[in-house]
Amino acid sequence: MAFIVSPSFPVDRSDFHAAWNALQTHYEQTKNHTLQQLFADDPQRFQNFSRRFDGFLVDFSKNHLTSETLTRLLDLARAAGLETAREMLFTGGRINWTENTAALHVALRNRSGNPIEFNGQDVMPEVNAVLAKMQTFAENLRSGALTSTSGRKIRTVVHIGIGGSYLGPKMMIEALAPYTLPDAPEVRFLANIDGAEFVTCTRDLDPQETLFVVATKSFSTPETIINARTAWQWVHQAVSNETDVARHFVAVTANRAAAEAFGILPEAIFPIWEWLVGRYSWASAMSLPVVCRIGFAPFIQALEGAHAMDRHFLETPLEDNLPVLLAMISVLYNNFFDVQTHLVLPYSYHLRHFPAYYQQCEMESNGKSTLRDNTTTDHHTAQIIWGESGTNGQHSFFQLLHQGTRSFTADFIGLINPHHPLDTHHFELIANCFAQTEALMEGRNADEVRSKLLTAGMDPAVIEAILPQRVFNGNHPSNTLLVDRLTPYALGGLIALYEMKTFVQGVLWGVNSFDQWGVELGKELVKGIHAEQQALLAGEAADGGGRNPSTRGLLAHFAARYARPA
């Protein structure tokens, strides 16, 4: 494979530095403006700093920015080559330059009927063929036309994957739970290599009514392969014939030969492609369990929602472009305000796994320190992404947000129309969402605290003694995203919004958002450590191989105290 040091979209360094310096100057002039001041200065601030698209409202008015800030940010985006990089992404350019390939996840949800080419070949016929195969497989599974070796209906699908092969489908299953079909199998997920997860996942299952989906692009991911081998042995205890065992397995992979060598039947392999990055693979056969659970038509609606957001990102001027605006706001905080942590706070039970999904999307994509020219960055790249569903987080870590010493930014995600009829619950939930963004922004000063406590009848001397404890500084920024209803279409749009935001950030920071070399080092070291571990357990001398004393000590302690299960 040829190694490409830099991608083919040029950046004029002088233009970029000029735009960066202009933004830096503007930041120095405005950094002490409070959010309260900004709202006082502009009664139309909500209208001026919010955008709507296709059932989404994005309110970014509670941020430390003015119209000039926005202009400076978008000037920086243009100077960074964003528009050229965006075109490359959608046309099969080798935007993943360290691996000399494209990142064509947009092809997976391309509903336009237009071709998308890579290496001079239209990839859409293969993409659509896999979609058709997913539809047929899922319908046969639900109807009972596809049965186990004993002729029994498959009642549970266990998806074995990790990282991008796992987080997307799991998040979608939870998010689209209201669309579960009555004849759908139960879907479980197995990711952790910890044997406790396998035991827990399969404890109450019947092997003859269980299907495993082995989801790994390379078909060499250690956690996935070890879990898959254990699953094979588990089925083999109930089904003696190897060929019959194989009927309980399908694979989603780019490595057909390895899947067949493992024992997967050729017709049970669902292909993905080298141009597909795992954390962007939810729209591929990685979501086969999703199609089994909710049906093919809703899954296509999710693709259509993502496609609509993709087209919005590609075609909409930067000033009104939702992924671009959210990305540039994050650049402002990350690189000028030096805010290192960002929260994703969905006020939706069904979106409770969305923060974990986006955590991988941004941190694995942009957690880099080497730039396009192979120099080391002198600026921060990805923020630390974390979060929890509301209102749970309010009773967990919100104390730190309101009165702690750390800086942060946050996205609050709310649904206008729920899938359930419990209005009292929903009104209270959304009221909490709005109240938290208001409290973070406005805070409560000493005079307001004093007045409130006097009105409540508290003794003035007591008030003065505790007054500092009741003060909230406020001035904490946040975005609020409101979605009309969490339909499959809306979910696809939400995922694509955050994916494209991540891409824009990577362009601005000068990193490759589509490789993940940092993930590989630990995997490499595991092999040597595992060999030493086994030698020690066998009572043999282990060559530390120059390993540090801490790791050697840990290995020795483990080997000395490990008691094999009976």
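Mentor: A contact means heavy atoms within 4.5 Å. Among contacts in the protein chain between residues at least 6 apart in sequence, 74% join residues at least 24 apart. Please note that this is a predicted model, where local features need pLDDT of at least 70, side-chain atom pairs count only at pLDDT 80 or more, and totals for chains, interfaces and linings use all residues. Residues are numbered from 1 along each chain as its sequence is written, and side-chain values use heavy atoms, with hydrogens and water left out.

Trainee: How many helices and strands does the protein chain have?

Mentor: Helices (H or I, at least four residues) and strands (E, at least two) are DSSP runs, numbered from the N terminus. The protein chain has 23 helices and 13 strands. Its radius of gyration, taken over C-alpha atoms, is 26 Å, close to the 24 Å from the globule rule (2.2 Å times the number of residues to the power 0.38) for 566 residues, so the chain is as compact as a globular protein of that length.

Trainee: What percentage of the residues in the protein chain is buried?

Mentor: Buried means under 20% relative accessible area, exposed over 50%, and partly exposed in between (1.4 Å probe, protein chains only). Buried residues make up 52% of the 566 residues.

Trainee: Does L554 count as buried or exposed?

Mentor: L554 lies in helix α23, residues 549-561. L554 counts as exposed because its relative accessibility is 57%. The C-alpha atoms of L554 and L276 are separated by 38 Å, and these residues are 278 residues apart along the chain.
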